There are 2 protein chains.
Amino acid sequence: MKSDIEISRSARLLPITDVAAQLGLEHQDIEPYGHYKAKVRIDSLNKLQDRPDGKLVLVSAITPTPFGEGKTVNTIGLTMGLSMLGRKAISCIRQPSMGPVFGIKGGAAGGGYAQVVPMEDFNLHLTGDIHAITSAHNLASAALDSRLYHEEREGYEAFEQRSGLTALKIDKNRIVWKRVVDHNDRAMRTITVGQPGNTTGENMNGVPREEGFDITVASELMAILALTDSIQDMRRRIGKAILAYDLDGKPVTAEDLKVAGAMTAIMKDAINPTLMQNLEGGACLIHAGPFANIAHGNSSILADRLALKMGDYVVTEAGFGSDMGLEKFCNIKAHYSGKTPDVAVLVCSLRGLKSHSGLFDLKPGKPLDKGMIEPNQEALEKGVCNLQWHINNVKRYGLPVVVAVNRFPDDTKEELNWLLEQAREFGATGAAISDTFRFGGEGAMAVASEVEQACSTQPAQFQRLYPLDTGLQDKITTLATKGYGAATVNFSEQAAQQIAELEAQGYGNLPVCMAKTPLSISHDPMLKGAPVGFDFPVREVRVSAGAGFVYILCGQIMTMPGLGSKPGYMNIDIDDNGHITGLS
Amino acid sequence: MKSDIEISRSARLLPITDVAAQLGLEHQDIEPYGHYKAKVRIDSLNKLQDRPDGKLVLVSAITPTPFGEGKTVNTIGLTMGLSMLGRKAISCIRQPSMGPVFGIKGGAAGGGYAQVVPMEDFNLHLTGDIHAITSAHNLASAALDSRLYHEEREGYEAFEQRSGLTALKIDKNRIVWKRVVDHNDRAMRTITVGQPGNTTGENMNGVPREEGFDITVASELMAILALTDSIQDMRRRIGKAILAYDLDGKPVTAEDLKVAGAMTAIMKDAINPTLMQNLEGGACLIHAGPFANIAHGNSSILADRLALKMGDYVVTEAGFGSDMGLEKFCNIKAHYSGKTPDVAVLVCSLRGLKSHSGLFDLKPGKPLDKGMIEPNQEALEKGVCNLQWHINNVKRYGLPVVVAVNRFPDDTKEELNWLLEQAREFGATGAAISDTFRFGGEGAMAVASEVEQACSTQPAQFQRLYPLDTGLQDKITTLATKGYGAATVNFSEQAAQQIAELEAQGYGNLPVCMAKTPLSISHDPMLKGAPVGFDFPVREVRVSAGAGFVYILCGQIMTMPGLGSKPGYMNIDIDDNGHITGLS
């Protein structure tokens, strides 16, 4: 079989204006970026507002394994499958960070015959949204350090008299807005800025302090972009983002620094979702890509809203397993959008479930154990509890669930059929095999039929997991016990204090966003399958006041990956025609 | 008069496809970015190659003053003026950094009725080239720090055995590739990276070392983009860029790190110039924006080349005074492009020349002294020596020179006429008043006529200032004495040693790029007018091996500006329609 980039390059693409026209979008509704990408202006929602919404299909997965279940492949594939059934279907997915592209994982445009194309455009700059976020985010940092410097250098009173501004009295030890870069850059995790260098005399390089870089997709601006519904709302949210605390412990926001307007100006084009096409000419909207731990891991509300007005079916993907992205879709994104899913799809694979048996030692980069690839009924039976847990988890939200078994070349009919039967026994509304990686839309038609049937026979009766107007401790406890199966929750002293502080500051009614490992339903990546009876630790509690959620750190959460000793960038080059090679 | 952004917003723009069509560019030659910007594919040079070149007009200026002479205004204006005379004229200008846009200076799209529009697109992301450079540059930094970490952590031998790569043995004290960000960010000038932070035990955050950030336009990649002539050439140049030295003192290049291919891939779209339009519908190519001190301060060779094949006249701008950008155009850019100017334009103003009288105290941000705005023959006569010097300087390169006096509202006829006469007496081929800020192309017609006449009556007899095959010391001495008027040159011990080292490494035949203040013809910003007899200090000598020049540091050169206490970003916001306000 050809490589992803070979398949992408040999595809015959439609002009993006044709893809837009199929959706009913006219010249003034889009802004082309080259011939195969376009921004869809969110203004076009005005003329679409009276149309009914299509069905919203949320693609989630079992607890992910180091080799991935194929969730993006199946999001793209299912869209193509629905199109083959004669439905107008649109995918809504996240824009990938360039960090993993040059690090280890490679591209994120799907794979095989279920890709968004051209895949190199998708994986590199796309239409510049992540760059805009990096730039807006770091302008706030430069503004903050500059203000700190001028106020400390002149003294608060002199500063106020000369500048006519109110001194913000920033506490340099409580700056919470780290800088960002869209690379895996380990050396920038912890740094010291504002050092005098070789200059003699007064330090003209700012105020020395400890600082760090996160990867851009961890920026609160990314979460804001994903949750906003208009440029005015985005402006307000950016203004509310907390950058630091002052010497009295009060929040210092982007509004206080008078930088929120300029940040919004930098992001004025980023607010429009990007339209591309899949390998079969269907539409795909790409917009925002927030982390699925410290943020909510879903593409944007605006892209969903546009797509729902233009399509019969909108297929969107939520990050990691259903305990992560799907939970956050239901409890955070749906709260701000007012739109809940009609059906959920759980992607799984035989090898993925076998890995949950506890019989194998899994490490990224390590070749797969044969026992996961070959028929192995014992491993499958021991690991299938993970699927059962996720089916039950989806049903907790009142959604019908379709299980899509992502087929790999060595999978046997026997094991596949056994799994489909199990899925139905566990309460799945439907279950089917997906062969979309090899066969595109045709390989996804079985899943597409099940999705369509689930929508028509079992209307969703959505319910969120916790009410918003209880205390933060209650919300966290509900999520940990009912949401993950913990027996008890252990709040650190620091966390308890932070919760009290945040509630006093008026953030108690926000939804909570759990920053835990995606590799287990619990907080502990070593607990595979469907763990129960564990004690769930809450280490730290912080607020993303602009995005509009409180996030809960449960253990070490990495917000800046590193590069391995033989990273992906070593394979990437250009050929004699100037085409990119080695991207996969 | 309306503000720049009001004029820009009220303009009736042509679709960019129409602007392209006027140039003979077809659908497949361009990649639209929205309806008013497009990338011109450099492949289109293939079909244009048999066309004759148009005339190349190089716009320079007297030694600049804190308020600016209006060089970009006159570059755009002159293009419009030539169009009014019935010529097909195209501007080629640099992309501005966002640092000054949010810092103090505001936009750089020209001004008044001589602007490139839409000005907010020009001043913010344009088509993402600077973002691409930031990203490619910082990927190299992440790669470097990661390699240093893995080699030091494992030990060279173990690293080689496990990875199959040759240890680079990077000297962490001789890393010359700083990181970049496109903001004025003082606190990042000197930092320490790779610190352990709160982690206990082994430091997993890299190797601690001193590091710093430059503003992106100071990146060698920006100079490479401006000097390259194909994607393959860009790939080779990036590979040659020196990132560090190893423990034996040998260069470690991007090629050695195996990251040059990925860096080129990130810049694959950046190599195509961006097409926009001026307020009268004429074409403007915007491409690259290297610093005019540590780099050569001119827009790209590729944009010039494209424009020369499409227009009768190509008007391009060189940074700062003729001792800076124009000198570097003639001695560096023309060396790599093979294309020399047909005529030079020197922009000056009455107030600018008065400021060279030495009678006034000039500071950025300080309101102008009345004595510079009102008639003041004494100041004018004392300062006009600066214009004389620049006229002579241009003639040194065998170019005819047209003086354009940029008119300000309070300027008197008497002073303006006196100045025009002086200019001709000093040997200018032509001289005229420019009123393009207020009247667009019409206000530039007089200058346009002079330019056209100079081209037809006085063909350029170009000569460079120094031969390339002499030693670096000779080249620097020629430039300082013949180029600036220094009596003597004082090489520091460090500089002499670096010159010896660079010549031994094979970089002796490269052109030299002087990194000196633009605020005086000499190295000392306080020496106004036309200083002579000074001793010129050479502090440090470094190489940009990929860009292809040796650069000479003469005093403190700032490669990372800071923000003032009331920076420009405070004025910028969006209005109720989502339009940007406060950008000027």
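Tutor: A:Asp185 is buried, with a relative accessibility of 2%; buried means under 20% relative accessible area, exposed over 50%, and partly exposed in between, with a 1.4 Å probe and protein chains only. This is a predicted model, in which local features need pLDDT of at least 70 and side-chain atom pairs count only at pLDDT 80 or more, while totals for chains, interfaces and linings use all residues. Residues are numbered from 1 along each chain as its sequence is written, chains are lettered from A and ligands numbered from 1 in the order in which they are written, and side-chain values use heavy atoms, with hydrogens and water left out.

A:Asp185 is placed in the loop between strands S8 (179-181) and S9 (191-193) of chain A; helices (H or I, at least four residues) and strands (E, at least two) are DSSP runs, numbered from the N terminus. Leaving aside residues up to four places away in sequence, A:Asp185 touches A:Met560, A:Pro561, B:Ala142 and B:Arg179, where contact means heavy atoms within 4.5 Å. With B:Arg179 there is also a polar contact between the two side chains, at 2.9 Å. A polar contact is a pair of N or O atoms within 3.5 Å; within protein, one must be able to donate a hydrogen and the other to accept it, and residues adjacent in sequence count only if both atoms are side-chain atoms.

The two chains are related by symmetry: a rotation of 180° with 0.0 Å of shift along its axis superposes chain A on chain B, with an RMSD of 0.0 Å. That is the relation of a two-fold axis. Copies are superposed by least squares on the C-alpha atoms of residues with pLDDT of at least 70 in both. Within chain A, A:Tyr33 comes closest to the rotation axis, its C-alpha lying at 2.1 Å. Both copies use the same surface, since 100% of the contact residues of chain A recur in chain B.

Salt bridges complete the picture. Over all chains the structure holds 70 of them, each a side-chain nitrogen of Lys or Arg within 4 Å of a carboxyl oxygen of Asp or Glu. One of them joins the side chains of A:Arg147 and A:Glu151, at 2.8 Å from N to O. Both residues, A:Arg147 and A:Glu151, lie in helix H7 (residues 129-154) of chain A, four residues apart, about one turn of the helix, and both are buried. Elsewhere, salt bridges that share partners join A:Asp145, A:Arg179, A:Arg209, A:Glu211 and B:Asp185 into one network.
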